[in-house]
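This briefing is intended to be read alongside the sequence and the three-dimensional structure. Please keep both at hand while going through the points.

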Amino acid sequence: MTTTHTTTHATTGATKTAARTTARARVTSLARAELTLLIRNKAALTYALLLPGSLTLSMTTFTSDIDLDKAGLDLPTLVLPGSIGLALILAVYMNLVGVYVIRREELVLKRLRTGELTDPEILAGAALPAVLMGLVQCVLMVAAVGPALDAPAPKAPHLVVLGVAAGLALMATLAAATAAFTKTAESAQLTPMPVMLVSMLASGLFVPLDIMPDRVAAVCEWAPLTPVVALIRAGWTGEMGLGEALTALATAAAWTALAGWTVRRRFPWEPRR
């Protein structure tokens with residue numbers, strides 16, 4: 001009796017452990033396949049890795065005419081967080097919209113649903129390479145732009161980490177939500193443009209909200225990427241209290257939850273005709 005009970009208990013524990021590792025293994029396997037396809041797609045890889053840096057360089061020239069003293073910033077604390085925001089938009093959001101749509105058009109997502117993978121696992125596995133590339137791109141931007149602008153070390157590095165983590169989750173979820181309204185791979189070049197333009201112009205990437213008219217700034221504060229940029233920038237300036245940080249995280253989480261709800265309700269797993 002005791003031996004049987006012990007054996008049953010051990011078997012049950014092993015089964016639970018296997019169940020926990022199986023989901024991780026499935027997502028990892030799918031992510032590995034997506035990473036292989038991403039590496040082979042030289043155009044997408046070059047676009048995601050080089051465009052943020054080139055745009056940052058051009059925006060650095062543009063920001064020389066901005067009165068940064070009015071916003072309490074200097075060139076490094078304006079451009080460096082902005083470059084990280086660009087990396088999140090281009091390496092994660094723009095790239096991932098195309099991945100979701102192309103895999104759906106090729107019936108890859110439909111076939112994956114017939115196996116053991118759950119819907120969240122399929123979306124997570126497809127997103128993981130883009131998220132990792134976005135994280136690497138953020139690190140590269142700090143390593144390249146920081147010394148070039150003689151930027152100081154972050155005064156509150158935990159805010160930078162929180163901002164990047166929130167931005168990665170937000171951009172990946174927004175990409176899936178945008179893909180839900182994208183019919184073809186060709187239109188995947190166009191449907192992300194509104195979010196990209198709003199994020200670049202209204203989120204404080206290179207034009208601080210403090211120099212905008214009050215009514216415009218009040219609206220821009222609710223843009224999806226604004227709280228992420230605010231957290232990252234506050235990591236360098238150190239000028240954000242606990243209440244402000246929690247408000248920024250809550251706003252980013254609300255946008256992520258809204259995008260996730262849209263994915264659950266509207267994401268098509270077969271080609272849209």
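The points below cover the overall fold, the pockets, the surface and selected backbone features.

The model is a predicted one. Its secondary structure consists of 11 helices and zero strands. Of the 273 residues in the protein, 46% are buried.

**Overall architecture**

- From the N terminus on, the order of elements is α-α-α-α-α-α-α-α-α-α-α, in keeping with the count of 11 helices and zero strands.
- Helices named in this briefing include α1 (2–40), α2 (42–62) and α4 (75–105), as well as α6 (residues 119–148).

**The largest pocket**

- The volume of the largest pocket is about 710 Å³.
- Its lining is formed by 24 residues, of which L209, E221, T226, A230 and M240 are the closest to the centre.
- By residue class, the lining of the largest pocket comprises 12 nonpolar, seven polar and five charged residues.

**The second largest pocket**

- The elements α1, α2, α4 and α6 each give two or more residues to the lining of the second largest pocket.
- With seven residues, α4 supplies the largest share of that lining.
- The lining of the second largest pocket divides into 15 nonpolar, four polar and two charged residues.

**A nonpolar surface patch**

- Residues L128, L132, L135 and V139 together make a nonpolar surface patch of about 320 Å².
- One of these residues, L132, belongs to helix α6.
- L132 counts as partly exposed because its relative accessible area is 45%, a value that lies between the cut-offs of 20% for buried and 50% for exposed residues.

- L107 has a phi near 65 degrees, which is a positive value in a residue other than glycine.
- The position of L107 is in the loop between α4 and α5 (108–112).
- The relative accessibility of L107 is 35%, so this residue is classed as partly exposed.
- D150 also has a positive phi, near 55 degrees, and is likewise a residue other than glycine.
- D150 is located in the loop between α6 and α7 (157–180).
- The relative accessible area of D150 is 66%, and D150 is therefore classed as exposed, the cut-off for that class being over 50%.

- A23 and L117 are 94 residues apart along the chain, and their C-alpha atoms are separated by 7.7 Å.
- A23 is part of helix α1, which also gives two or more residues to the lining of the second largest pocket.
- A23 has a relative accessible area of 22% and is therefore partly exposed, since buried residues must fall under 20%.

Note on methods. Residues are numbered from 1 along each chain as its sequence is written. This is a predicted model: local features need pLDDT of at least 70, side-chain atom pairs count only at pLDDT 80 or more; totals for chains, interfaces and linings use all residues. Side-chain values use heavy atoms; hydrogens and water are left out. Patches are made of residues with over 30% relative accessible area and no salt bridge: like charges are joined within 9 Å, nonpolar side chains (Val, Leu, Ile, Met, Phe, Trp, Tyr) within 5 Å. Accessible areas come from the Shrake-Rupley method with a 1.4 Å probe; for residues, only the protein chains shown count as cover. A salt bridge is a side-chain nitrogen of Lys or Arg within 4 Å of a carboxyl oxygen of Asp or Glu. Helices (H or I, at least four residues) and strands (E, at least two) are DSSP runs, numbered from the N terminus. Buried means under 20% relative accessible area, exposed over 50%, partly exposed in between (1.4 Å probe, protein chains only). On a 1 Å grid over the protein atoms alone, a cavity is a set of points where a 1.4 Å probe fits but cannot get out, and a pocket is an open set with protein on both sides within 12 Å along at least five of seven lines; lining residues have an atom within 4 Å of a point. Grid points are joined across faces, edges and corners, and a volume is the space filled by probe spheres set on the points. Ala, Val, Leu, Ile, Met, Phe, Trp, Tyr, Cys and Pro count as nonpolar, Asp, Glu, Lys and Arg as charged, and the others, Gly among them, as polar.
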